[in-house]
Amino acid sequence: MNTQLRVLIVEDSESDAGLIARRLQKEGYDLRYERVETAEEMKTALAKQDWDLVIADYNLPRFSGPAALEIFKENGQDIPFVIVSAAIGEEKAVAMMKSGAHDYIMKDNPARLVPAVERELREAAGRRERRRAEDDLVKSEATLRTVLKGSPSGIGMVIYRIFHWVNDKLLHVTGYTREELIGQSSRILYFSEAEYKRVGRVTFAQIQETGWGEVETQWRRKDGTPVEIYVNTVAVEPGNLSAGVVFTAMDITARQRAEAALIKSEATLSTILKASPTGIGLVVDRVFHWVNERLLDMTGYSRDELIGQSARILYCSEAEFKRVGDVKYRQIIKDGRGHVDTQWQHKDGSLIEVHLSSVALDPANLSAGVVFAAMDITERQRAESELKLKERLLDSASDSIFLHDLEGNFLYMNEAAYITRWYRKEELESLGAWALATPEAAVYQDNILRELWANGEMIFESEHRRKDGSVIHVEIFARVLAVEGRELILSVARDITERHQAEEALRQSRETFRVLLDATPAGVMLLDPRYIVLAANRVVAERLGKPVTDLVGTDIFDNLPPELARTRKDRLEEIKRSGKPAIFEDSRGGLFFDNYVHPILSPTGEAASLAVLSVDITDRKRAEETLLLDEARLEALINLSQMSGASLEALARFALEEGVRLTKSKIGYLAFMNEDETVLTMHAWSRHAMDQCAISDKPIIYPLAATGQWGEAVRQRRPIIINDFAAPHPDKKGYPPGHVEVSRHMNLPVFDGQRIVAVAGVGNKEEPYNESDVRQLTLLMDGMWKLVQRSQAETALKESVSQLHRTLDNTAIALATTVEMRDPYTAGHQKRVAILVCAIGQKMGFSADQLEGMRVMGMLHDIGKIAVPAEILSRPGKISEMEFNIVKVHSQVGYDITKDIEFPWPVAQGILQHHERMDGSGYPQGLKGAEIILEGKILAVADVVEAMSSHRPYRPTLGIEKALEEITKHKGVLYDPEVVDACIKLFTEEKFSFD
């Protein structure tokens, strides 16, 4: 798993906290925990970091679980809080759960810890996810309101071409007030009936075909002035224009004026290009590769006479030819282009003054060629004066005008081109035309150029990036021009950012209407003050069983049952009078609804209409009822689980009373079945049934064959429900006088595998019994029976384990006594080793079961000495090497004696390895490090310490100090370091003694 988990443990016992930590680590958690045992420590721990989980003991010397829970709730963290206790009563456990604890664990049942923690962590994560989703919803709704409020377009809704709603922007565009427009025909805005009809006809046709329509027209403002308008219209309900349309209106007067200016500027630029006095050519290594007609006119040469010739042909001297080349080379290297004035020689020998402007095809490689433009300086002043005049005219245009070659090098741009993009002219010229587009728009640049080349001109939309990185949306008209044999691109870019924003706002508005009126699962209606339906969505229509077209224009109360209509009308009248939104719940046909009513007020403060949102909450209601039942059953099962060890009588009576409560019954009974399913023994009646029953000497034994309704659940092996007990029924045999009167009855079999072990019955519920009642009672009784089985099994298991431990103890003692009878000098050695290994194991965190295994190993570790001659064992002097080799076999002999005994611990293996050493120098197998089990390592240390500190026939006692010095000296070489550390702490810190 390796999931990181931060746990705050409120516990006064460090060992109990360690047990909790180890169990969580064993399940794969990367655990970080802190133990506290006072209120101040808990507050400090909660303040200094975030935790994933809090586990608190119920009883502490200076603190308590309930007090810890209150501090936890004040801290406000939404994480699981779990109570642990060695003995907590049922009432206290329930009180803690009701106060805010998420679960509780009994210390004698640690197996529940990890599943409970995993479940509560999942539920906490679910709660956080729900809160995030709710926050996202609030943010999205706020964003939508902001977009609609900030719309730059006029927006309105008309039904049968009558204004029903308009926004402030539309009032600003038309000059009318809201009172002057609402309720009026939209004809009021048109100069003529013909134009009014044309707009309606065009829009209707477009909506029928595509779902929305657009048209340009001219409106008449209130003061009589005309305004050019672009109108975009969408139907409130596609396919039903009578439900109304929503439109946006944009004032395009300025745009049309700009378009007229563009046409004028295009004509001006075309004249400039045709009148260009520039000769243009391409040279590679200063050899002509291409020239235009103007250059031929300027020089008097033919194309054949220039192409392939060195440019030197046009210069009067080699020096001038070299000077021009040097000047332009330095300029191109530095600035990317070169300018120079020079003198050329006409073919007829006459001289002409020219101005040369050159650009390298590849600035990094001038040998790739240079494009130059040559102007006759004689005509330049006149041409420049004319050009400046025309440029001033073009600079007055609001649209951006560019002229550039195929490489994107600008030949011309007007002021709007660089000013609106916040550049200086030189900065934009250095970037080039292809750098204007944003990265997103540049993706389509190749496709646009291909289409432009194929058609010669085109109109498209793109995005340009300003100097500060901001983006403007542009509509571009581009045309390919052939100027003196050279192809250039003329483009006019119009800033349509506002239009784009308006279109996006309109798109979002259309989407909002679609989602609200068509996609929402709630019913939506708009009512006028007389409760006439102005609009309704499909959900309302489906609930009322009528098409939307049949609902619109009708009184809403004519479509409801009379009783519901009366109560609903009273509520709506109250909301209309108050002018405040309200919510109320009603039900019909077994369904439940939350109705949200919002009055839409007129300028005078009266309700002009009512918006009604009706949400079906039937599933929620039923889910809440089911959840309450499930919670009640869970509480009952929790309470039942706390009755471990209770008598069968107590378990049965508690389960029965809870079954009566969960099914909302008045009476109940529980009978157990015999082994062959022939006899029912009544075990418990509910308290209410006992109070009402007047039969004396009630029988408790019922042969199945003689039973009626009680036994039918057994005979059919399924739940039996009779919701009308007074009606004739073949399974009923009646009941004797004085018996509790039964109006409804349900009983069911309780199974253990395929065998029926009990029958549970309830009766007299006010409502009919159903499958939910069967489910609740079945689960509760199954839980009761499992607890009965567990209680019986635990009792038997405890007795079995106790018997097994007594047998093992007696066996170990008998075997140890056998050895000590042959070796009286080491009498008590095995017992003392057993005491020490248990103390070391406890220090290292062994469980009680593991410590029991260590005790048995200690008692039997020298059992193999039974095979060593007694004279060797009891010899007072030093033994020979051969005799020592005989002694060394006792480890193997001990293993052989115990290996076939089915101990629940590795007893035989520990006996075999108790003389092995970490470096491999031990016997009998010469094992090293990890090859030796931990129990063997502990036995080795305990055996050496006890032997050195005790008297032997061949030497007096060396004392405990020498023994500890021995294991410290050889720590990590002969003996395991962790075991040595634990042993030394026992003697030095905890004052351990063999006595």
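Colleague: Why is T299 called buried?

Modeller: Buried means under 20% relative accessible area, with exposed over 50% and partly exposed in between, for a 1.4 Å probe and protein chains only; T299 has a relative accessible area of 1%, so T299 is called buried. This is a predicted model, in which local features need pLDDT of at least 70 and side-chain atom pairs count only at pLDDT 80 or more, while totals for chains, interfaces and linings use all residues. Residues are numbered from 1 along each chain as its sequence is written, and side-chain values use heavy atoms, with hydrogens and water left out.

Colleague: Which residues is T299 in contact with, leaving aside its neighbours within four places in sequence?

Modeller: Contact means heavy atoms within 4.5 Å, and on that basis T299 is in contact with L306, L314, W344, H346 and K347.

Colleague: What makes residues 293-299 a helix, α10?

Modeller: Helices are DSSP runs of H or I with at least four residues, and strands are runs of E with at least two, numbered from the N terminus; T299 lies in such a run, helix α10.

Colleague: How do you know that β1 and β2 pair?

Modeller: Two strands pair if DSSP finds at least two bridges between them, and β1 (residues 3-10) and β2 are joined in the parallel sense over eight bridges. Within this pairing, V7 stands opposite Y33 in β2.

Colleague: In what order do the five strands of the open sheet stand, and why are β2 and β5 at the edges?

Modeller: The order is β2-β1-β3-β4-β5, with parallel pairing. β2 (29-36) and β5 (103-106) each have a single partner strand, so one side of each is left without a neighbour in the sheet.
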